[in-house]
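Open the model in a viewer and keep the selection tool at hand.

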Amino acid sequence: MIIVFRQGVAQADIDYVQNKLTEYGFKTNVSDYNGRIVMGAIGDDRALRERPLFTMPGVEKVVPISKPYKLVSKDFKREDTIIDIKGVRIGGGSVVVMAGPCSVENRDMLMYLAERTRKAGARILRGGAFKPRTSPYAFQGLGEEGLKYLREAADANDMLVITELMDARDMDLVCKYTDIIQIGARNMQNFRLLKDLGGAGKPVMLKRGLAATMKELLMAAEYVAAGGNNDIILCERGIRTFETETRNTLDLSAIPVLKSMTHLPVVADPSHGTGRRDCILPMSQAAVAAGADGIIVEVHQCPEEAFSDGDQSILPDDFDVLMKRLDIIATTIGRTLSV
Ligand code: PEP
Ligand code: MN
């Protein structure tokens, strides 16, 4: 529910209501709209039967949040969530870039790609150590060896690590090495896994399912938030449509629409979103112009020999160009590229 306080309400009244709600097991968040105080509260309304909120001091009205997603909704919290990981801020006014190979293939390739992408301005190193492959015979990832390389390459270049967790059984292992847990499109509605992420103690990037609506993506995020983890990044990575020229259809409109529905940061993945190297630069530009808080892009020094997703991986030289363009676009729309 949303609790709207009277104009000029005393801080003691706000504190009273917040403390009462906390006592009843509610989660609360207070926003200030030019002096008008509004509190979002999520919990079991039955606790309030004997002491309705409207009888509490300073309360003007109480409005229910009718949406099925609550904690992640703009109704609950107006201000953008900013996730600060070791000084790298995701959300708010900055644009952050995550880059690296689809799969971690060996140490040398990753060390090289980390150095090149960091030099160009990427703050976060991506790479899969556990790969969700359509065929069970395709390369499945290096597992812990890959995680070690990611950590080493990121630390050597002052970067953060983002890597995919496919199975809750690997939670501790992945958390030992990563800064951000990536949940892939195919696991977006693995509710058991989502519940476990509530207690992961690490930020989560949730990729939109291949055929998931924006509401379903937000409901998946709500699972993580309801479990106690509010550091969630949403990722638009293309959806299945009738079009076959691209691997998926990158739904650019999801960026402004999601941002109107939630306070969580929204990033775009033009690599999986299009499946085509020639689309990465234009769609990255478009995503930032559309208001994305960042992009995640696949880079490989020899895409023709990549173990996975070579067709959609760009060369380090192309990544240099991309970063220069994103800087211009971010600045033009009043944001800053975080480098
Ligand atoms: C990935 O980013 O490595 C990946 C497998 O993406 P998705 O889950 O979006 O297919
Ligand atoms: Mn990939």
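**Stop 1: the cavity**

Select Lys 74, Asp 80, Thr 81, Gly 91, Gly 92, Lys 259, Thr 262, His 263, Leu 264, Pro 265 and Asp 293, which line the largest cavity. This is a predicted model, in which local features need pLDDT of at least 70 and side-chain atom pairs count only at pLDDT 80 or more, while totals for chains, interfaces and linings use all residues. Residues are numbered from 1 along each chain as its sequence is written, chains are lettered from A and ligands numbered from 1 in the order in which they are written, and side-chain values use heavy atoms, with hydrogens and water left out.

On a 1 Å grid over the protein atoms alone, a cavity is a set of points where a 1.4 Å probe fits but cannot get out; a pocket is an open set with protein on both sides within 12 Å along at least five of seven lines; lining residues have an atom within 4 Å of a point. The structure holds one cavity of 30 Å³ or more, and the largest cavity contains about 50 Å³ of space (volume being the space filled by probe spheres set on the points, with grid points joined across faces, edges and corners).

Colour the cavity lining by class: two residues are nonpolar, five polar and four charged (Ala, Val, Leu, Ile, Met, Phe, Trp, Tyr, Cys and Pro count as nonpolar, Asp, Glu, Lys and Arg as charged, and the others, Gly among them, as polar).

**Stop 2**

The largest pocket has about 300 Å³ of space. Select Lys 131, Pro 132, Arg 186, His 272 and Asp 309, the closest to its centre of the 20 residues in its lining. That lining has nine charged, eight polar and three nonpolar residues.

Move to the second largest pocket, with a volume of about 230 Å³. Of its 15 lining residues, Met 1, Ala 41, Asp 45, Val 62 and Pro 64 are the closest to the centre. Its lining divides into twelve nonpolar, one polar and two charged residues.

**Stop 3: two helices**

Select α9 (residues 277-289) and α10 (residues 316-332), which pack at about 25° with axes 9 Å apart (helices are DSSP runs of H or I, at least four residues, numbered from the N terminus; axes are lines fitted to C-alpha atoms over the stretch in contact, and angles run from 0 to 180 degrees between N-to-C directions). Therefore α9 and α10 are roughly parallel to each other (angles under 35 degrees).

Show side chains: Ile 280, Leu 281, Ser 284, Gln 285, Val 288 and Ala 289 in α9 meet Leu 322, Arg 325, Leu 326, Ile 329 and Ala 330 in α10 (contact means heavy atoms within 4.5 Å). By class, this contact has eight nonpolar, two polar and one charged residues.

Conventions: Angles under 35 degrees count as roughly parallel, over 145 as roughly antiparallel, 65 to 115 as roughly perpendicular and the rest as oblique.
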